[in-house]
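Subject: Structure handover

Hello,

Here is the structure for your files. My notes on strand pairing and salt bridges follow below it.

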Amino acid sequence: MATPAGGSATTDTLFKAASATGTEWGAVVKACLDELGAVEGCNLGFLYITDALAEHATSMVTLLRGVTGIRDWVGTVGIGVCANDEEIFDKPGIAVMVARLPPEGFRLFPVVSGDMEPLRRMAGGWLDKHGAMLALAHADPRHQDLAGLVVSLAESTGAFLVGGLSASRSEFPQFTIPGNTATMVGGPVADGGVSGVLFAPQVPVATGLSQGCTPIGPVRTITAAEDNIVLEIDGRPALDVFKEDIGELLARDLKRVSGYIFAGLPIAGSDTADYLVRDLIAIDPRAGWIAVAHHVQSGQPILFTRRDQQSAEADMRRMLANLRKRVKTTPKGALYVSCIARGPSLFGEGSQELALIRETFGDIPLAGFFASGEISNARLYGYTGVLTLFL
């Protein structure tokens, strides 16, 4: 999978990150500000909040903007957030990261929900002059055509996309505060579409995607399908092939595959390291078909994958090792978007995903959130972790 890397910074790039927990939003913000310390010269802020604090989104970002003097803020809400070596999952908390970047090295874009004209109005001149290598995107999972929206954003900007879908049991705020408030669309907090920040080639980055699953059989071909129902694989009843690939023990008790075995849909032009993981949502033992949470068609490749802690950790280490080979210097900062089905429920307690990142790249400032879907290279993924390093 091709991912952006390279470039050269034209200023003294700096990142700082902090996190805090608590039910009182003002105290939580103050704790992060105290941990950050001096932020002189920083010109971009990232803010991720857990959904328990979603109703205070506007107040928090307004306070951060006023105290730090940083005009531009991006971010969203998650079931969990993370910063440095701490995951805050399913409880009130925030993660903040501030950065000092070349002033022309980035440009925020507002929430857009289909028509990219607001983005072109705000960033068109900047895009024409600088071009975008990378876009950090936060999207509303309630949008009716998320996949199309993500593709449209990638095509409109020419950028490699990273990011994720907001995750919340209440509100779905996205922070979208560009410095020029006269051009803001929807105010400092909005929802309903996709927003984020574009990075020019002068801000060097490298990205990696961890699937969190391990293939358990060969890549096969769907030979008969209807909507999301796989009728035949390799000319045989789909369920027969499925049982063959998952093994005799699981095949004897198909109730055990739920949440453990998934369908993998390889992406054209890539190897099995780049595939979309989709849930198995129904099995008909009598008719011999299986249903997946994705539209499928005859001629499409398919494989089956196993998801457990061992598989997830092995794939995370693979992704990190590949990044380490490409990255020759210590990263200055990082963004990490992980699936809400990962984190403690998959890796266990102790912020294990962050521990693996720090084991590979050291004590680097990092911020991110646990999403209801992940974005990488203009595609929507599930059960994955997307790591972006600023070099």
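Four bridges join strand β15 (residues 220-226) to strand β16 (residues 229-233), and the two run antiparallel. Strands are DSSP runs of E of at least two residues, helices are runs of H or I of at least four, and both are numbered from the N terminus. Two strands pair if DSSP finds at least two bridges between them. This is a predicted model: local features need pLDDT of at least 70, side-chain atom pairs count only at pLDDT 80 or more, and totals for chains, interfaces and linings use all residues. Residues are numbered from 1 along each chain as its sequence is written, and side-chain values use heavy atoms, with hydrogens and water left out.

R220 has I302 as its bridge partner in β22.

R220 also forms a salt bridge with D234, with the closest N and O atoms 3.1 Å apart. (A salt bridge is a side-chain nitrogen of Lys or Arg within 4 Å of a carboxyl oxygen of Asp or Glu.) R220 is buried at 12% relative accessible area; D234 is partly exposed at 35%. Cut-offs: buried is under 20%, exposed over 50%, partly exposed in between (1.4 Å probe, protein chains only).

The whole structure has 21 salt bridges. One of them joins R169 and D51 at 2.8 Å, N to O. Both residues lie in loops, so the pair ties together parts 118 residues apart in sequence.

Best wishes
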